[in-house]
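Hi everyone, thanks for coming along. Let me put the model up on the screen, and then we can walk through it together.

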Amino acid sequence: MHGLVLREFQKYYIKKFGLFDWMKFTREEREIPSHFEITMNYNDNMFFYILQRAILRQQLDKKKMLVDFGKFMVPFLLKVYQPKEDWNLLDLLENTEEEIHHTVRMRNKEAHPPRLRVVRWGPEEVEIRYSSSRKLLFLGLGIIQGLIDHYKEDLKIQVRKLAPENYSIRVTHRSSVQK
Ligand code: HEM
């Protein structure tokens, strides 16, 4: 996993539970480094281990925490991978795979962001199909929610399970959602 994600998790943990607890956590869990480099890649197992130990330590709900963490990461993601200025949020979502995740892969050969399948159904709607062996749907939903908060657009997210670990995420302007 990209060092950016682990570094953001460190920042997220410190913001929620304090630097003192992070230091204690990483002292007690010897496999967990106290600092991560965003230019590096870390083993996925390391990322999942940190999540699992943090969840146990702080008695967190995994899904809620992943959504919250996804939202937290958005400002930094937007700083590092700047979307085009004339894009609205649906344009950004439409281009996440071909432009943004593609750039992530180009800049960091060891990064493997999920291969999203995206369809722009019209000016008011984008559908993202998410399937990844990492099973981080809720992180993706958090990223989308964080983007909605950032762009301050009135968009609604609807998730449908298509098959095991294969989801359709529809993001639609509220004004066009059928009642
Ligand atoms: C500005 C937009 C975005 C940026 C800059 C961005 C960037 C990244 C980066 C750097 C990673 C780490 C990749 C790795 O370590 O292999 C990642 C992973 C991920 N991205 Fe994105 N992303 C964006 C938008 C989205 C959106 C809209 C989704 C919605 C589904 C999404 C879903 C995910 C998920 C779930 C992961 C975790 C890895 C996995 O599931 O395999 N991202 N992204």
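A word on terms: helices (H or I, at least four residues) and strands (E, at least two) are DSSP runs, numbered from the N terminus. With that, reading along the sequence gives the pattern α-α-α-α-α-α-β-β-α-β-β. The radius of gyration is 17 Å, close to the 16 Å that the globule rule gives for 179 residues, so the chain is as compact as a globular protein of that length. That radius is taken over C-alpha atoms, and the globule rule is 2.2 Å times the number of residues to the power 0.38.

Before going on, please remember that this is a predicted model: local features need pLDDT of at least 70, side-chain atom pairs count only at pLDDT 80 or more, and totals for chains, interfaces and linings use all residues. Residues are numbered from 1 along each chain as its sequence is written.

Now, the inside. I call a residue buried if 20 or more other C-beta atoms lie within 10 Å of its own, exposed if 12 or fewer, and partly exposed in between, with C-beta atoms placed from the backbone. On that count, 23% of the 179 residues are buried. A nonpolar core is a set of buried Ala, Val, Leu, Ile, Met, Phe, Trp, Tyr and Cys residues joined through C-beta atoms within 7 Å. The largest one here has 21 residues, and Ile 143, Ile 144, Ile 169 and Val 171 have the most contacts inside it. Helices H4 (62-80), H5 (89-94) and H7 (137-151) each give two or more residues to this core, as do strands S2 (125-130) and S4 (166-173).

What does Ile 143 touch, leaving aside its neighbours within four places in sequence? Gly 70, Met 73 and Val 74, where contact means C-beta atoms, placed from the backbone, within 7 Å.

Over to strand S1 (residues 117-122): zero of its six residues are buried, so S1 lies largely in the open. S1 runs antiparallel to S2, with five bridges joining them; strands pair if DSSP finds at least two bridges between them. The hairpin from S1 to S2 goes through two residues, and Val 119 stands opposite Glu 127 in S2.

Finally, the ligand. Of the 27 residues around the ligand, His 2, Tyr 81, Pro 114, Ser 132 and Gly 140 come nearest; near means a C-beta atom, placed from the backbone, within 6 Å. Elements giving two or more residues to this shell include H4, S2 and H7. Thanks, everyone!

Note on methods. Two residues are in contact if their C-beta atoms, placed from the backbone, lie within 7 Å.
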